[in-house]
2 protein chains.
Amino acid sequence: MQAGVPSSAPHRVVIVGGGFGGLYAAKTIDGDSRFDVTLVDRHNYHLFQPLLYQVATGALAPSEIAQPLRGILRRHRNLTVLLGEAVGLDPANRRVLLSDGGPIEYDSLIVATGARHSYFGNEGWATVASGLKSIDDATLIRRRILIAFEAAEREHVAELRREWMTFVVVGGGPTGVELAGSLGEIANDTLRRDFRSINPPDARIILVEAMERVLPPYPEGRSTSARRQLERLGVVVRTSTRVVGIDEHGVDVETADGRERIPARTVLWAAGVQASSFARKVADATGAETDRAGRVKVGPDLTLPGHPEIFVIGDAAIQPGGPHGGPVPGVAQGAIQPGRYAARVLKARLEGRRLGPFRYRNLGDVAVIGRLSGVTNIPWLGPFGRTGGFLAWALWLGIHIVYLIGFSNRILVLVRWAWSFITFGRGSRLITGQPLVPDIEEPEPPA
Amino acid sequence: MQAGVPSSAPHRVVIVGGGFGGLYAAKTIDGDSRFDVTLVDRHNYHLFQPLLYQVATGALAPSEIAQPLRGILRRHRNLTVLLGEAVGLDPANRRVLLSDGGPIEYDSLIVATGARHSYFGNEGWATVASGLKSIDDATLIRRRILIAFEAAEREHVAELRREWMTFVVVGGGPTGVELAGSLGEIANDTLRRDFRSINPPDARIILVEAMERVLPPYPEGRSTSARRQLERLGVVVRTSTRVVGIDEHGVDVETADGRERIPARTVLWAAGVQASSFARKVADATGAETDRAGRVKVGPDLTLPGHPEIFVIGDAAIQPGGPHGGPVPGVAQGAIQPGRYAARVLKARLEGRRLGPFRYRNLGDVAVIGRLSGVTNIPWLGPFGRTGGFLAWALWLGIHIVYLIGFSNRILVLVRWAWSFITFGRGSRLITGQPLVPDIEEPEPPA
């Protein structure tokens with residue numbers, strides 16, 4: 001049976017998660033008075049995750065890439081935003097449980113809770129290797145990077161100073177490549193003249209990737225181009241290198257030649273993700289299958305088998321309909337398009353229509369690597385879609401500005417980028433939060 | 001004897017504190033190669049404190065009013081910036097002790113460590129009534145204000161909802177007036193259409209001042225004007241009202257009519273300040289006198305009696321040379337001018353010259369109260385200096401933009417203000433930090 005409703009009462013839709021998937025689902029329902037929508041999120045804002053690494057590296061302020069959900073959705077009078085954490089599902093009674101107990105009833109449910117880091121069973125690494133999924137993650141990473149340079153400036157033992165001046169980025173996907181590239185820029189340009197005892201361009205930035213090339217989903221030529229651009233920024237790219245241990249003073253890696261120790265005080269984690277814990281609870285409650293990363297397997301219409309009223313979309317799901325018959329990739333478009341699709345399915349059902357299965361349209365990928373350069377992989381542009389250098393950078397800039405939510409954010413980010421471009425600076429280099437002074441081993445007065 | 005040095009080695013100046021006093025002292029020494037300057041601060045940035053209330057109320061982002069000290073002072077090659085906390089003074093050996101033990105030697109010392117909140121002996125109030133002195137204070141206040149509206153939206157018991165919707169600002173000085181005015185704007189304009197169960201303009205904003213009028217240092221007509229403007233924004237102004245108790249659920253006040261209880265979940269503290277703890281340590285180590293707020297008494301040249309090599313300036317000191325023979329007021333100019341003066345005294349000494357005593361030049365005061373209005377008190381402009389409404393607002397805007405450090409910040413803040421002005425919005429309304437969900441008493445599902 002269809003997840004129908006009596007025509008008199010509005011159809012109650014609960015959307016869990018205000019990321020790309022949830023937000024675009026809400027926007028696509030767009031004030032349609034046949035629906036009564038509740039959007040639940042733990043945060044009061046929508047976060048533009050593709051630019052999170054720019055907050056982590058001091059180029060943008062948190063509020064420039066995050067916009068209050070209530071503000072974005074203010075005009076949708078049939079939509080309620082609820083600040084809350086979904087912690088359980090009662091599919092028999094069609095209720096979502098919140099952390100403070102109040103259940104919300106739904107007729108249809110869209111689960112769009114995204115992903116968090118996965119340390120592949122090494123949960124002890126989490127305290128040392130910072131992942132990048134939230135605003136708080138980003139300000140922590142910013143703090144760690146800036147404090148490392150401050151500590152190095154005050155450290156007089158050469159060996160310990162080198163530890164502070166070494167940054168290891170684990171994972172050579174888009175996030176890892178963009179983080180490593182930004183670190184290269186920080187060391188070579190932004191901080192170049194800021195210190196007296198250390199020379200920031202001496203910093204060692206090491207990108208570690210277990211596969212044999214960076215940006216594995218891109219064609220091989222793009223990977224080679226990305227690697228060359230990273231190396232030009234002084235980044236040491238170590239492919240076919242597996243991380244086997246991380247502690248406060250360094251990283252242990254394994255290559256074909258054996259084990260090796262990289263002493264480093266700052267390790268950033270861009271390697272693995274797993275579905276949010278709510279996705280697992282949805283799977284447990286409905287008997288749906290998950291993969292090793294906890295992602296829920298959904299049918300061709302992105303709903304759970306036996307539960308046509310429950311959609312799971314974006315990074316929380318393994319979505320069929322991706323390129324070459326595979327799953328949809330874990331990028332922004334891999335949540336935006338399913339969000340729109342789910343909303344259209346709901347509308348079609350009310351009208352007694354049926355939509356075809358979800359089909360992902362590959363708009364292409366683009367990653368930026370430092371100043372004026374990057375790589376793209378945009379299939380529908382033909383040979384023009386496989387660019388590098390300046391053209392990739394310009395495309396990246398245009399796409400990100402267009403998708404950024406909020407007109408004032410677009411202007412602010414453009415001003416920031418223009419200014420950074422002219423001055424080689426990064427305007428948001430604040431160390432916030434306690435404690436404010438780095439805890440270094442052997443404090444000594446400056447020379 | 002003068003605090004002299006052999007002409008061969010540079011004169012070592014240590015500046016403690018990178019606020020207005022310390023920064024303008026460093027900028028006035030300006031690369032003069034006869035000096036070797038070390039600036040110590042607990043933070044890696046200079047904070048433009050007059051706009052801190054705009055961060056607390058979501059109008060500006062932290063990085064728009066804070067600029068990394070290393071960036072500002074990069075070109076001064078004889079200057080070293082040190083991230084550290086000064087915790088003690090050894091005046092006999094002319095050394096400043098840092099929290100991690102490493103002492104720094106000086107020939108001359110400028111103490112510009114500012115002030116922190118004072119709860120007048122009621123230190124228990126600190127956990128409930130948030131003060132506003134640092135970036136972390138401001139993001140905490142922003143978080144508390146936004147969470148109060150979120151909690152009210154979910155609260156179904158009318159009485160508890162009213163507690164969440166009541167905001168008490170303690171202290172009717174410029175900070176209290178500006179905070180209360182901004183809260184009025186948030187409730188009436190910014191959040192007006194954002195909620196479904198509550199009506200934000202119903203929020204009660206109460207400004208409590210023990211004296212008989214707000215803005216006590218201004219002429220009486222200006223106080224009346226400020227009060228009228230606040231009331232137009234819906235702020236309840238309660239003068240001649242003393243706070244005698246604060247807890248998690250409200251404020252106890254005392255008036256001529258007796259005691260009264262104001263139930264409220266959000267209390268902001270803008271009432272009292274005391275000198276930083278380092279100022280007290282300087283006084284203890286040198287035998288200098290302090291007042292009840294811990295401010296150090298300095299001579300006409302802003303140095304300590306018997307210690308011509310130690311300057312104490314800004315909010316850490318009671319500085320003679322203010323208006324009408326009184327002390328210098330605790331405003332930005334009351335630190336900027338002394339900072340410049342101290343640097344000029346040091347230069348004069350090296351040249352065998354003597355400067356006259358410090359004289360404060362009253363450039364005037366200006367406070368903004370919500371949209372398009374404010375009050376000024378600018379003596380040297382004559383009758384034009386006592387304006388209200390739009391002219392005050394325009395003056396305030398011009399002055400703050402000119403004094404804001406960093407050209408890109410000026411542009412960003414102008415864009416933000418222009419945008420807020422057009423849309424009645426506030427672009428930086430993020431709730432950051434843990435826990436993300438408000439802890440409310442009786443959680444219930446939305447209607």
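## A first look at a two-chain predicted model

Let us start with one helix: in α7(B), the buried residues are B:Arg222, B:Ser223, B:Ser225, B:Ala226, B:Arg227, B:Gln229 and B:Leu230. Here a residue is called buried if 20 or more other C-beta atoms lie within 10 Å of its own, exposed if 12 or fewer, and partly exposed in between, with C-beta atoms placed from the backbone. Helices (H or I, at least four residues) and strands (E, at least two) are DSSP runs, numbered from the N terminus.

This is a predicted model, in which local features need pLDDT of at least 70 and side-chain atom pairs count only at pLDDT 80 or more, while totals for chains, interfaces and linings use all residues. Residues are numbered from 1 along each chain as its sequence is written, and chains are lettered from A and ligands numbered from 1 in the order in which they are written.

**More on the helix.** What covers the buried residues of α7(B)? The cover includes α6 (174-190), β13 (204-208), β14 (235-238), β24 (365-368) and β25 (374-377) of chain B. The helix has 13 residues (220-232), which should span 18 Å at 1.5 Å a residue, and this agrees with the 19 Å between its end C-alpha atoms. The expected span is 1.5 Å times one less than the number of residues. After α7(B) comes B:Gly234, with a positive phi near 90°.

**The sheet.** In chain A, 6 strands form an open sheet with mixed pairing, in the order β5-β2-β1-β9-β22-β21. Its edge strands, β5 (79-83) and β21 (303-304) of chain A, each pair on one side only. Two strands pair if DSSP finds at least two bridges between them.

| Strands | Bridges | A bridge pair |
|---|---|---|
| β1(A) and β9(A) | 4 bridges | A:Val13 and A:Ser108 |
| β1(B) and β9(B) | 4 bridges | B:Val16 and B:Val111 |
| β9(B) and β22(B) | 3 bridges | B:Leu109 and B:Ile310 |

Are the residues of β9(B) buried or exposed? B:Ser108 and B:Ile110 on one side, and B:Leu109 and B:Val111 on the other, are all buried, leaving both faces of this strand covered. In a regular strand the side chains alternate between the two faces of the sheet.

**Two domains.** An automatic or database domain assignment provides the domain bounds. For chain A it gives domain 1 (11-42 + 84-117 + 273-350) and domain 2 (123-271). The C-alpha centres of these two domains of chain A are 34 Å apart.

**How the chains go together.** Chain A superposes on chain B by a rotation of 180° with 0.0 Å of shift along its axis (RMSD 0.0 Å). The two copies are therefore related as by a two-fold rotation axis. The superposition is by least squares on the C-alpha atoms of residues with pLDDT of at least 70 in both. In chain A, the residue closest to the axis is A:Leu412, at 3.1 Å (C-alpha).

B:Arg74 sits in the loop between α3 (69-72) and β5 (79-83) of chain B. This residue is partly exposed, because 17 other C-beta atoms lie within 10 Å. Beyond its neighbours within four places in sequence, B:Arg74 is in contact (C-beta atoms, placed from the backbone, within 7 Å) with A:Arg193 and A:Asp194.

**Confidence.** The predictor's confidence in each residue is pLDDT, from 0 to 100. Chain A has a mean pLDDT of 89, with 93% of its residues at 70 or more. Over residues 1-6 of chain A, pLDDT stays under 50, and over residues 435-447 of chain A it is below 50. Where pLDDT is low, the predicted coordinates should not be read in detail. The complex has an ipTM of 0.83 and a pTM of 0.87 from the predictor.

Methods. Two residues are in contact if their C-beta atoms, placed from the backbone, lie within 7 Å.
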